[in-house]
Amino acid sequence: MTFSRGLLVTALSLLPTMGQAYELSDWESVTEAARGQTVYWNAWGGDPRTNAYIDWAAEQVDERYGIDLEHVKVGDTGEAVTRVVAEKAAGNDDQGAVDLIWLNGENFAAMKDNDLLYGPWAEQLPHFPLTAPEQNPEVREDFTLPVEGYEAPWGRAQITFYYDSARVDEPPRSISALLDWAQAHPGRFTYPQPPAFLGTTFLKQALLALTEHREALYAPVDEADFESVTAPLWDYLDRLHPSLWREGERFPAGGPQMRQLMGDGALSLAFTFTPSAPAAAVLDYQLPPTTRSYILDDGTLGNVHFVAIPFNAQHKAGALTVANFLLSPEAQARKQDLSLWGDATVLDMSRLNSEQREAFARDGRAAESLPPPSLGETLREPHPSWIEPLEKAWRQRYGAQ
């Protein structure tokens, strides 16, 4: 996901100090202040399963807390961030149109660095201890950056490859093997066009596998020799592109289009950032039952995704209440259910009672169809400052094709 940092403005700390109708240390006061509020949640709207889950969450917070949760569907998180930036530039410090944002990575970094977030608050949510942050430090880190309570975790993701076992006997198990496989099976693989999130993610995955300077990727990009670090990536793509779908002259717009190409039989191998997505697509008859999922032998990129509250949100109490509900065992188990969405939980099972753990063991129709993959090693995301230069360099080399 891309975002122009040139639009950002420097801001002072903007935590409200007057007129608060609640105290974070008194959760009952938060839910009381939330009652009757309308919370505008800006979240990606490109997947029917995700949208249906958010609709369910809206029903629940209405019934339980009297909150009207409105899903503001965005194609890119940067759209919501840009709106907050524009409001700040106009002097709108307390009447923002965005109450909650689903974000991570460079968008979180941009907002946090420019004091565009309310907080810290996340670790004061009653359900936050269920993540066991001491044992799972990734819930306190976003693309190498400390979260420091400015956003709350609510799901996990990891690059997962999938293929049609009726067409592919043995899929490639590494980035280098992927090149060999693509050259032996021209037109049967592709990746989304950057700056689409999944396309940029593929660039990062390949770069981590190919560069001799991996440690440089976990520090700000301006501290590294960009050309030297990324040279193996461009050499790799120069050799890969002629063997891609449409000979690398056209690229899918995103993950859903790539999945459709798999379903139509145009591709034999693809990937997603949601490990359960291939299995869910089989259940929805979007992919053939011969679809199988796997992780590269050396691991794949993975991260936690979060929700955050802008500094000028009008309905902070409502947003806090929604964020806490999203971390509840009930909401997390429903989200992970393969027949509903299949997004992995951020809760630590050791913190749940036996009845709560049992809810996570139920997988809808999964046992009757395609089981979720066994996830392998998770590779840490590079520093967010690498994203924009990578996308710019890709456009310069391949964008005009």
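In which helix is the place of Phe 108?

Author: Phe 108 is in helix α4, which covers residues 106–113; helices here are DSSP runs of H or I with at least four residues, strands are E runs of at least two, and both are numbered from the N terminus. The model is predicted, so that local features need a pLDDT of at least 70 and side-chain atom pairs count only at pLDDT 80 or more, while totals for chains, interfaces and linings use all residues. Residues are numbered from 1 along each chain as its sequence is written, and side-chain values use heavy atoms, with hydrogens and water left out.

The confidence of the model comes next. The mean pLDDT (the predictor's confidence in each residue, from 0 to 100) is 90 for the protein, and 91% of its residues reach 70 or more.

Phe 108 itself counts as buried because its relative accessibility is 0%, where buried means under 20% relative accessible area, exposed means over 50%, and partly exposed lies in between, for a 1.4 Å probe and protein chains only. Beyond its neighbours within four places in sequence, Phe 108 is in contact with Leu 103, Leu 117, Asp 142, Pro 146, Val 147, Tyr 150 and Glu 151. Phe 108 and Ser 385 are 277 residues apart in sequence, yet their C-alpha atoms are 11 Å apart in space.

The backbone around this part has some features to check. Most residues other than glycine have a negative phi, and most peptide bonds are trans. In the loop between α4 and β4 (141–142) lies Pro 120, and the peptide bond that joins Gly 119 to Pro 120 is cis, with omega near 0°. Thr 144, in the loop between β4 and β5 (145–146), has a positive phi near 80° although it is not glycine, and Thr 144 is buried, at a relative accessible area of 17%. Glu 148, found in the loop between β5 and β6, also has a positive phi, of about 60°, but Glu 148 counts as partly exposed at 49% relative accessibility. Elsewhere, Pro 194 and Pro 195 are joined by a cis peptide bond with omega about 15°, and Pro 195 is placed in the loop between α5 (175–184) and α6.

Two packed helices are described by the angle between their axes and the distance between the axes. The axes are lines fitted to C-alpha atoms, for helices over the stretch in contact, and the angles run from 0 to 180 degrees between N-to-C directions. Helix α1 (residues 27–34) and helix α10 (residues 316–326) pack at about 115°, with their axes 7 Å apart. Trp 27, Val 30, Thr 31, Ala 33 and Ala 34 of α1 make this contact with Ala 317, Gly 318, Leu 320, Thr 321 and Asn 324 of α10. Helix α2 (residues 48–65) packs on α10 at about 115° as well, with the axes 11 Å apart. That contact involves Tyr 53, Trp 56, Ala 57, Gln 60, Val 61, Arg 64 and Tyr 65 of α2 and Thr 321, Val 322, Phe 325 and Leu 326 of α10. Helix α10 is mostly covered, since 11 of its 11 residues are buried.

In α11, Pro 329, Ala 331, Gln 332, Ala 333 and Lys 335 are buried, and the buried residues of α11 pack against α2, β6 (151–158), α10 and α12 (354–361). Glu 330 also belongs to α11 (residues 329–336), but Glu 330 is partly exposed, with a relative accessible area of 40%. Leaving aside neighbours within four places in sequence, Glu 330 touches Trp 56, Gln 60 and Arg 64, which also take part in the contact of α2 with α10. The C-alpha atoms of Glu 330 and Tyr 118 are separated by 26 Å.

Notes: Contact = heavy atoms within 4.5 Å.
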